[in-house]
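My entries follow in the order in which I made them.

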Amino acid sequence: MALTDDSTTSSTNSGGIASTLTALNSASSNIKNAWDKSGGSQALSSIQSSLPQGTKDYIADAQNKVFNRKNLRSPTVFFGLGEEKPFYLERVPSLVTERVKHNLSFFYLNYALLTALLFALTLLISPSAIIGIGLLGFAWMAVIRATAEGSVEIKGITVTQKQATIAMSGFSVIVLIWLLAHIFWWTLSTSGFLTGVHCLLRDASMHKDEEDRVEMQGDLSLDEEATFLNSGPDPAGSMA
């Protein structure tokens, strides 16, 4: 009987989570459509087009460097699998500082991914946050439907779709901060602790020169009569 109750409860929770995720997916598509109709995309495009070309190039270059897929280290490198002594406590302060700096710059994408995974897992096991986000999604759907014709009249006051979208965006930010505050701080503290332990104990000194490697591209065709291959003294000349 207890097993039946547990299975029923788990199936009910799974169904509730699935329905909430479906509602969030529908709400996100509706929010995107409302954002496009309100002119938000055009405003962002105009802001981006007004930036100087040098600033655009700098931002693009920074994004390519920071979010480069090559900077995401494999689990083998991250955990030092196959290495003789990948984790140990360094006792020399100068070497500890050097190790922490290197690990932060070398594994920063792994640490960011760890934080994102912890946040997602904590969100999934937090029913109050899921229910709150689901209700917020339904509120967005109600606002979008009410302003489907471009505006809505509330007690004699006409509210345009753009005004409703801006007001709902501000309300959403406040609600999300209230709902996700405990999840954010728990995730930040947990990921900070795990990152700190990894930075202190992981000896990745053998990978320090990895970023200095130069990849050779192109074909290198050498002639058998190349001068640098025949730069030695001529045997016939030396005999003479």
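**Fold.** I counted nine helices and two strands in the protein chain. Helices (H or I, at least four residues) and strands (E, at least two) are DSSP runs, numbered from the N terminus. Along the sequence I read the pattern α-α-α-α-α-α-α-β-β-α-α.

**Ground rules.** The model is predicted, so I kept local features to pLDDT of at least 70 and side-chain atom pairs to pLDDT 80 or more, while totals for chains, interfaces and linings use all residues. Residues are numbered from 1 along each chain as its sequence is written, and side-chain values use heavy atoms, with hydrogens and water left out.

**Chain totals.** I found 23% of the 240 residues in the protein chain to be buried. Buried means under 20% relative accessible area, exposed over 50%, and partly exposed in between (1.4 Å probe, protein chains only). Of the contacts (heavy atoms within 4.5 Å) with a separation of 6 or more, 78% join residues 24 or more positions apart.

I looked up how β1 (residues 151-154) and β2 (residues 157-160) run, and they pair in the antiparallel sense over four bridges. Two strands pair if DSSP finds at least two bridges between them. Val152 stands opposite Val159 in β2, and Ile154 has Ile157 as its bridge partner there. Lys155 lies in the loop between β1 and β2. Its phi is positive, about 50°, although Lys155 is not a glycine. Lys155 counts as exposed, at 84% relative accessibility.

**Thr147.** Is Thr147, in contrast, buried or exposed? I found Thr147 in the loop between α7 and β1, and it is buried, with a relative accessible area of 3%. Not counting residues up to four places away in sequence, Thr147 touches Val152, Gln161 and Ala164. Thr147 and Gln161 are 14 residues apart in sequence, and I noted 5.4 Å between their C-alpha atoms.

**Cores.** A nonpolar core is a set of buried Ala, Val, Leu, Ile, Met, Phe, Trp, Tyr and Cys residues joined through side-chain atoms within 4.5 Å. The largest has ten residues: Ala129, Ile133, Leu136, Trp140, Ile144, Met168, Val175, Leu179, Leu180 and Ile183. At least two residues of this core come from each of α7 (127-146) and α8 (161-201). I also noted a second, separate core of seven residues, among them Val77, Phe106, Tyr111 and Ala204. In soluble globular proteins, nonpolar side chains tend to be buried together. I then listed the contacts of Ile183, leaving aside its neighbours within four places in sequence: Phe119, Thr122, Leu123, Ser126 and Ala129.

**Second largest pocket.** On a 1 Å grid over the protein atoms alone, a pocket is an open set of points where a 1.4 Å probe fits, with protein on both sides within 12 Å along at least five of seven lines; lining residues have an atom within 4 Å of a point. The second largest pocket has a volume of about 230 Å³, the volume being the space filled by probe spheres set on the points. Which elements give two or more residues to its lining? They are α4 (75-79) and α6 (108-124), and α6 gives the most, with four residues. The lining includes Phe78, Phe87, Asn110 and His198. By class I found eight nonpolar, three polar and one charged residues. Ala, Val, Leu, Ile, Met, Phe, Trp, Tyr, Cys and Pro count as nonpolar, Asp, Glu, Lys and Arg as charged, and the others, Gly among them, as polar.
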